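Colleague: I'd like to learn how to read a few features of a model like this one. Could you take me through them, one at a time?

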Amino acid sequence: MKEVNITELERMFQEKIDQDIKIEPKDWMPDDYRETLIRQISQHAHSEIVGMLPEGNWITRAPNLRRKAVLLAKVQDEAGHGLYLYSAAETLGADREDTIDDLHSGKAKYSSIFNYPTLTWADMGAIGWLVDGAAIMNQVPICRCSYGPYARAMVRVCKEESFHQRQGFEIMMTLAKGSPEQKAMAQDALNRFWWPALMMFGPSDGESKHTAQSMKWKIKRSTNDELRQQFVDVTVPQAEMIGLTLPDADLSFNEATGHYEYGEINWAEFWEVVKGNGPCNKDRIDTRRKAKEEGQWVREAATAFAQKRAARKSA
Amino acid sequence: MNQAHVEFVLRIADDSLILGHRLSEWCGHGPVLEEDIAMTNIALDLIGQATSLLNHAATLQGEGKTGDDLAFLRFDREYRNLLLVEQPNGDFGMTMMRQFLFDAYRTILFERMQSSSDEMIAAIAEKSLKETKYHLKHSSEWVIRLGDGTEESHARIQESLNTLWRYANELFYTDAVDDEMRNAGILPDLSDLRQQWENTVNHVFQEATLTIPSNNWKQEGGRKGMHSEHLGYILAEMQYMQRAYPNMEW
Ligand SMILES: [Fe+2]
Ligand SMILES: [Fe+2]
């Protein structure tokens, strides 16, 4: 009897999805749908928070006051994105601190791109342009995600991401038309970040284990390879416009398809970074864990104080 | 160019810049995400204030320099900030205590400076006052929360107060520059600045159950370019790009 009911509920659930009716926190949903969303949203939240570190690395060394302020504002936006996303995950019953502990234990993942170091100022340009650019490609379709709170959070986030992308591109453009040293700095940053940026879209469609179900549930609206292709098509002309060369000897435009064809992605490197063997995985997680541990006494004090105040009020 | 006028603007500008720099060091390392956002926001306000003030100082100087030149190409001995704002972040309580002692002073200063005869200063003070009131609310709430929180937090923030108290006296430092500015109507009367500041501070410390240290070391020198050893490292980091790659657009 119970099983029949579940089947019926699942059928109605899928019907809503097919009709593009948003699923809201109090609605019935299959356990797998809930778990997939919690995994994806908290992974996304972690990426925003860990992503503050490589750029935070250059705030105190920004070359002028305007760049310093813009970079500070950008990193602050990323913290805000993290906050919306943790809240969206909480609507599904995932406690913020628990999901953060999963990040620190290595159980939860975050975007592999943030495991690469930021070595020069030009990296602030490359990250804004390529990483926020790739994030936009990934996130715009999620604005139409079947889960209401996630879709709405993405609408807010995407507006800010396009500002981030523009300021990054503007840094690169300024460097590219600057002194020979500046141009070399920009080219070096592009060389280092191009392939990791392509990897941000995740494994090829054939390898991606979650895609089919996520597409059916409208959690995902385009495949990894489709999004990656869109990104390449948009970005190649931008690089040409500012006179930088993409580090891919096989890159060519296919007149027949209207798309750029790109060389083979180094998937061995991708999986190594995902498994924790990227250049900065350990540093990033150690830093986040340390922030949480060193903030423990502050959070305890805030709780104790709130309790004291509440007790005094009711006394 | 009026030397005292430039000097006066640099003192306020450098306080904002150096404290903004210190706070920005927290970015991504805060005790909770909400505080990462708050501290970044305050840093952003301070960098904004510093930018307006340094641009103004550069104009008053009339040597064709920019605010960026003043931020990135002056050496330690030419910096005019208080010793308090260059002190290391320490733990979160130390950062909040440093911020509170400073915000309590800055609120009064900006309130008064709104009536400066230098219209640019008056306008910057008016805008900055709104920001500083929020900073003071934030820092005083944390001082109270930590002071009246747990045993550990009380001990830690009391220790921060003991450490930083020696720099508080410098908030009220005055010399011939201030006299000249007051005579010119650029700096309004501040004779009750200390009294007003003590009112705020005593009130908050009482709520926070904190004790003002009995020793009253008067560390000063920042206003004359005599800094602690910390400032050199701040500038080495902050000025790295401009020193390594001079005369370029970024
Ligand atoms: Fe973001
Ligand atoms: Fe972003």
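Colleague: Let's begin with Asn2(B): how does its relative accessible area class it, as buried, partly exposed or exposed?

Modeller: Keep in mind that this is a predicted model. Asn2(B) has a relative accessible area of 32%, so it is partly exposed. You will find Asn2(B) in the segment before helix 1 (3–24) of chain B.

Colleague: Which residues does Asn2(B) touch, not counting those up to four places away in sequence?

Modeller: Asn2(B) touches Glu180(B) and Met181(B) on that count.

Colleague: Now a case for contrast. Why does Ser140(B) count as buried?

Modeller: The cut-off for buried is under 20%. Ser140(B) has 13% relative accessibility, and therefore counts as buried. Ser140(B) belongs to helix 6 (residues 119–147) of chain B, and its contacts beyond four places in sequence are Phe100(B) and Val204(B).

Colleague: And in chain A, is Gln139(A) buried or exposed?

Modeller: Gln139(A) is buried, because its relative accessible area is 6% and the class takes in values under 20%. Gln139(A) lies in helix 6 (residues 122–139) of chain A. Setting aside neighbours within four places in sequence, Gln139(A) is in contact with His44(A), Glu48(A), Met154(A), Val157(A), Cys158(A) and Glu161(A).

Colleague: Let's turn to the nonpolar core. How many residues does the largest one have, and which have the most contacts inside it?

Modeller: The largest nonpolar core has 170 residues. Those with the most contacts inside it are Tyr33(A), Trp121(A), Tyr147(A), Phe8(B), Met97(B), Trp197(B) and Phe205(B). Take Phe205(B) as a worked case: leaving aside neighbours within four places in sequence, its contacts include Met97(B), Leu161(B), Trp165(B) and Ile212(B). Phe100(B) is another residue in contact with Phe205(B), and Phe100(B) is also touched by Ser140(B).

Colleague: What should I read off for the interface between chain A and chain B, in residues and in area?

Modeller: Begin with the contacts: 46 residues of chain A meet 48 residues of chain B. The buried area is about 4,100 Å², and carbon and sulfur atoms give 69% of it. On the chain A side, Thr60(A), Leu65(A) and Trp297(A) lose the most area to chain B, together 20% of what that side buries.

Colleague: Next, cavities. What is the general idea?

Modeller: Rolling a probe the size of a water molecule over the atoms shows where empty space is left. Here the count comes to two cavities of 30 Å³ or more. The largest cavity holds about 180 Å³ of space. It is lined by 15 residues, and the closest to its centre are Glu97(A), Ile100(A), Arg288(A), Val32(B) and Leu33(B).

Colleague: Which element gives the most to the lining of the largest cavity, and how does that lining divide by class?

Modeller: Helix 5 of chain A gives the most, with five residues. The elements that give two or more residues are helix 5 (96–105) and helix 12 (281–294) of chain A. By class, the lining has eight nonpolar, two polar and five charged residues.

Colleague: What lines the second largest cavity?

Modeller: That cavity has about 40 Å³ of space. Its lining includes Ile17(A), Asp20(A), Arg144(A) and Lys218(A), and by class it divides into three nonpolar, one polar and four charged residues. Lys218(A) is found in the loop between helix 9 (211–216) and helix 10 (224–241) of chain A. Lys218(A) is buried, because its relative accessible area is 15%. Among the contacts of Lys218(A) beyond four places in sequence are Asp18(A), Asp20(A) and Ser146(A).

Technical notes
Residues are numbered from 1 along each chain as its sequence is written. Chains are lettered from A and ligands numbered from 1 in the order in which they are written. This is a predicted model: local features need pLDDT of at least 70, side-chain atom pairs count only at pLDDT 80 or more; totals for chains, interfaces and linings use all residues. Side-chain values use heavy atoms; hydrogens and water are left out. On a 1 Å grid over the protein atoms alone, a cavity is a set of points where a 1.4 Å probe fits but cannot get out, and a pocket is an open set with protein on both sides within 12 Å along at least five of seven lines; lining residues have an atom within 4 Å of a point. Grid points are joined across faces, edges and corners, and a volume is the space filled by probe spheres set on the points. Helices (H or I, at least four residues) and strands (E, at least two) are DSSP runs, numbered from the N terminus. Ala, Val, Leu, Ile, Met, Phe, Trp, Tyr, Cys and Pro count as nonpolar, Asp, Glu, Lys and Arg as charged, and the others, Gly among them, as polar. Buried means under 20% relative accessible area, exposed over 50%, partly exposed in between (1.4 Å probe, protein chains only). Contact means heavy atoms within 4.5 Å. A nonpolar core is a set of buried Ala, Val, Leu, Ile, Met, Phe, Trp, Tyr and Cys residues joined through side-chain atoms within 4.5 Å. Buried area is the accessible area (1.4 Å probe) that two parts lose on being put together, summed over both.
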